[in-house]
Amino acid sequence: MITLPLTTTGFGIVPLTAEVMTLSNLAGVWVSIFLTLAIFSFLYEDNPIYKLAEHIFLGISIAIGATEIYFGVFKPNLIDKLAEGRLLSIIPLMLLVMLLLKVTKKLDYMAKVPIAFIVAAFAGVKLTGEANANLMTQVAQTMPDLPAVYEEHGIWSWDADGAGVFSSIFLVLGLCACLLHFYFSARQTKSMAVVSKVGIIVLMLSFGASFGYTVMGRISLAIGRAQELLGLDKPPIEMTIGAGGDPINRMSLVRMMSLTTLIIIIVFLAVWQKKRNHQED
Amino acid sequence: MYQFLKRFQSLDRRWVFLGMAISIVLPMLFPVHFPTKVDERVQSLYDRLEELEPGDKVFVSADFDPASRPELEPFFRANLHHMFSRDVDIVIGSLWPFAPPLVTPMIEDLAAQHGAVYGEDYAFLGFKMGNELAIKMIGDDIIKAFPVDSRENVTADLPIMNGIRQAQDFELIMSVSAGFPGTKEYVLQIQGQYNLEIASSTTAVSTPDYVPFYKAGQLFGLAGGMPGSAHYEQLVYEDYPVEGVRMMATQALDVLNLGHLYIIILIVFGNIAFFLTREVEE
Amino acid sequence: MKRTVPLIISFIVGLVMVGEFFIPHYKYRAVTSELLEWGLILAAGAFILGLVNLVQVNLPVVIQKKEDWGYKLVMLITLVVTLLIGIYSGTGRQDDGEHYKWLFDYMFVPLNATMFALLAFYIASAAFRAFRARNLEATLLLAAAILVMLARVPIGEAIPVVGDYLPKVMNWIMDVPNIAGRRAIFIGAALGAVSTGLRVILGLERSHLGGE
């Protein structure tokens with residue numbers, strides 16, 4: 001490894017050291033860039049490159065999930081325990097086999113037992129969790145201690161982002177209006193219609209905030225991909241391809257690879273589109 | 001004018017996509033930095049972690065995948081750096097199958113930077129499937145849930161797990177969560193039952209859902225999306241600086257500026273065109 | 001009989017799990033811990049069932065060379081190769097230089113991340129074509145969205161005069177109407193979850209058990 005002088009970059013002070021990039025890593029970076037742009041090609045149109053990438057994704061994601069599940073659950077919680085001679089572990093093994101029999105036509109009824117077990121287990125666990133955390137705690141916390149709120153923030157406090165008696169009352173009334181709006185089977189009298197309208201307004205403000213955050217979240221994901229395609233996910237260190245090669249800036253290398261792959265994909269799409277138009281004619 | 005507005009409204013969406021791509025790439029190539037104020041929910045999270053003493057044990061649930069990496073990895077790294085800097089013992093687990101291969105290099109990288117010893121200063125228990133059932137087991141008996149760790153060491157034999165049997169034996173729980181199962185399930189299943197202190201770093205999409213939990217005191221801190229991670233990065237690296245650190249979320253926040261402006265412009269111009277054409281049609 | 005046994009199991013397991021919240025006795029907890037572990041194993045089994053089903057559906061397409069059989073073949077090959085490499089690599093599968101790690105870092109990560117990154121572009125398209133302020137409710141929704149989008153990024157705070165108040169208004173929206181709306185939804189969902197949970201445990205809900 002060659003040690004070069006320190007320099008300032010957009011990442012702060014980074015020692016420029018030439019790292020050796022193996023051919024395997026280089027191939028990996030190419031594949032990574034190709035697959036990224038292949039998926040992005042869907043933005044133009046559904047095409048064979050995208051379909052190929054999509055099916056590779058399906059296969060690899062299920063395989064990785066199954067591998068991690070094997071090492072994370074089956075091996076420590078079942079196989080190793082059976083190997084130690086723990087007889088009680090035979091029961092989950094039997095249930096598991098019965099569950100897997102669902103793929104057969106003759107014996108698929110056997111899967112009802114493990115399915116009943118797991119559905120009931122989740123139902124029991126969710127029942128208490130939702131009742132305690134969502135029902136009781138949330139309702140309890142909605143009821144404000146108005147004298148204490150008034151003492152701390154007054155009617156309205158800009159410094160505390162609008163906290164105060166007004167906001168506390170607005171929250172309670174807004175919550176009640178939303179709950180009454182969800183009571184769809186209630187008779188729609190004039191007063192009920194007004195309450196329902198208030199509930200909808202509160203919900204729209206809530207969903208608007210959600211939408212704003214959703215936009216932020218989605219763009220963040222695209223930023224992550226762009227950072228990788230532009231080589232900004234790692235410091236712009238010098239690299240050599242294999243030991244003894246000329247040093248090249250990693251960021252420049254990645255950008256060159258991205259541009260080349262993009263041009264190849266564009267050319268492919270143009271040719272494919274032309275062929276399709278020709279066939280349609 | 002009417003024809004132009006009509007055509008504008010039915011603009012091929014690929015031009016919109018191209019505009020989105022430009023609004024993401026341009027600020028990356030020509031960054032413009034604006035300062036930002038730290039959110040109160042992130043400050044609250046940071047302040048509580050600052051109260052941790054050396055030797056305190058914290059459970060970190062790393063529940064994210066490559067898709068949510070841009071939002072959560074900066075927080076995760078900063079969080080581990082923060083706790084390692086305070087000599088806090090960290091036990092990490094995961095409920096997402098795609099998390100272990102993703103977070104293992106991050107954990108090892110940060111542990112190496114701080115000279116942390118596996119099994120004494122930190123441990124990675126690996127992945128457990130089962131959603132709410134797995135969380136319930138972490139609450140009841142974490143040793144039974146994770147009989148071996150990610151390196152197939154017996155969990156009960158690890159020095160760091162001395163005195164740890166249930167979730168309530170940890171000082172607090174840090175949930176780095178991209179969705180289901182994650183923070184919400186921790187709050188619903190075990191926070192109330194065991195009166196646990198839980199904080200969350202989550203994606204922007206989930207943040208509005210978790211604000212009620214924060215306000216109700218069920219979470220002591222909430223870092224939402226890229227801004228949350230960026231604010232936390234700023235706080236951590238100001239007090240615990242690292243030479244050459246890459247504050248990825250802070251840099252990404254500068255890119256978000258133009259992205260958001262682009263969406264706002266699309267909404268506004270789309271509506272202007274809609275109303276003007278509707279007026280003409282009426 | 002085919003339904004009675006599962007219903008009895010549903011009742012017993014459900015009741016034991018509900019009791020776990022109220023009974024802290026260590027012997028009771030030992031029973032629930034064991035049942036929870038069985039639940040984990042079965043939940044993992046459900047994933048494997050999905051894998052088997054995937055192969056069951058796609059293998060005939062490949063053998064009979066139906067539409068898109070080439071892509072299905074690629075998918076199945078990728079699945080088998082990755083699975084074999086993963087299982088064979090064992091505990092050290094995430095070490096540097098391992099094939100499994102290469103597959104994860106250079107194939108799975110970009111594919112997974114990019115699939116979701118597409119959404120950024122679709123949300124831009126939706127914002128332009130579909131989000132119309134046709135009435136008061138839609139206008140409020142869009143106004144709140146625009147406010148949140150501006151206030152959550154540094155450029156919003158940099159706007160003169162308004163910039164100081166934007167984050168405050170956004171925080172107020174998050175802390176008051178957002179919480180009111182979310183809590184209403186949570187309370188409604190919690191009531192639904194409690195009633196559905198009770199129906200499953202008491203055997204009134206049997207759709208998950210299918211036909212006879």
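**Close-up 1. Strands β4 and β5 of chain B pair in the parallel sense.** In this predicted model, β4 covers residues 172–177 and β5 covers residues 198–202. The pairing runs over 5 bridges. One residue pair can be picked out: B:Ser177 has B:Thr202, in β5(B), as its bridge partner.

**Close-up 2. Six strands of chain B form an open sheet.** Their order is β3-β2-β1-β4-β5-β6, with parallel pairing. The edges are β3 (122–127) and β6 (221–224) of chain B. Each has a single partner strand, so one side of each lacks a neighbour in the sheet. From one strand to the next, the twist averages 15 degrees.

**Close-up 3. Helix α4 of chain B packs on the sheet.** The helix spans residues 69–85. It touches β1 (57–63), β2 (89–94), β4, β5 and β6 of chain B. Its direction makes about 155 degrees with that of β4(B).

**Close-up 4. Chain B is divided into two domains.**

**Close-up 5. The largest nonpolar core has 215 residues.** Those with the most contacts inside this core include A:Phe117, A:Ala120 and A:Ala121. C:Leu40, C:Ala124, C:Val148 and C:Ile173 are also in that group. Helix α7 of chain A (residues 190–229) supplies the largest share, 18 residues.

**Close-up 6. C:Ala124 touches residues of chain B.** Among them are B:Val16, B:Phe17 and B:Met20. B:Tyr262, B:Ile263 and B:Leu266 are touched as well. C:Ala124 is also one of the residues with the most contacts inside the largest nonpolar core.

Technical notes: Residues are numbered from 1 along each chain as its sequence is written. Chains are lettered from A and ligands numbered from 1 in the order in which they are written. This is a predicted model: local features need pLDDT of at least 70, side-chain atom pairs count only at pLDDT 80 or more; totals for chains, interfaces and linings use all residues. Domain bounds come from an automatic or database domain assignment. Two strands pair if DSSP finds at least two bridges between them. Helices (H or I, at least four residues) and strands (E, at least two) are DSSP runs, numbered from the N terminus. Axes are lines fitted to C-alpha atoms, for helices over the stretch in contact, and angles run from 0 to 180 degrees between N-to-C directions. Two residues are in contact if their C-beta atoms, placed from the backbone, lie within 7 Å. A nonpolar core is a set of buried Ala, Val, Leu, Ile, Met, Phe, Trp, Tyr and Cys residues joined through C-beta atoms within 7 Å. A residue is buried if 20 or more other C-beta atoms lie within 10 Å of its own, exposed if 12 or fewer, and partly exposed in between; C-beta atoms are placed from the backbone. Lists of a residue's contacts leave out its neighbours within four places in sequence.
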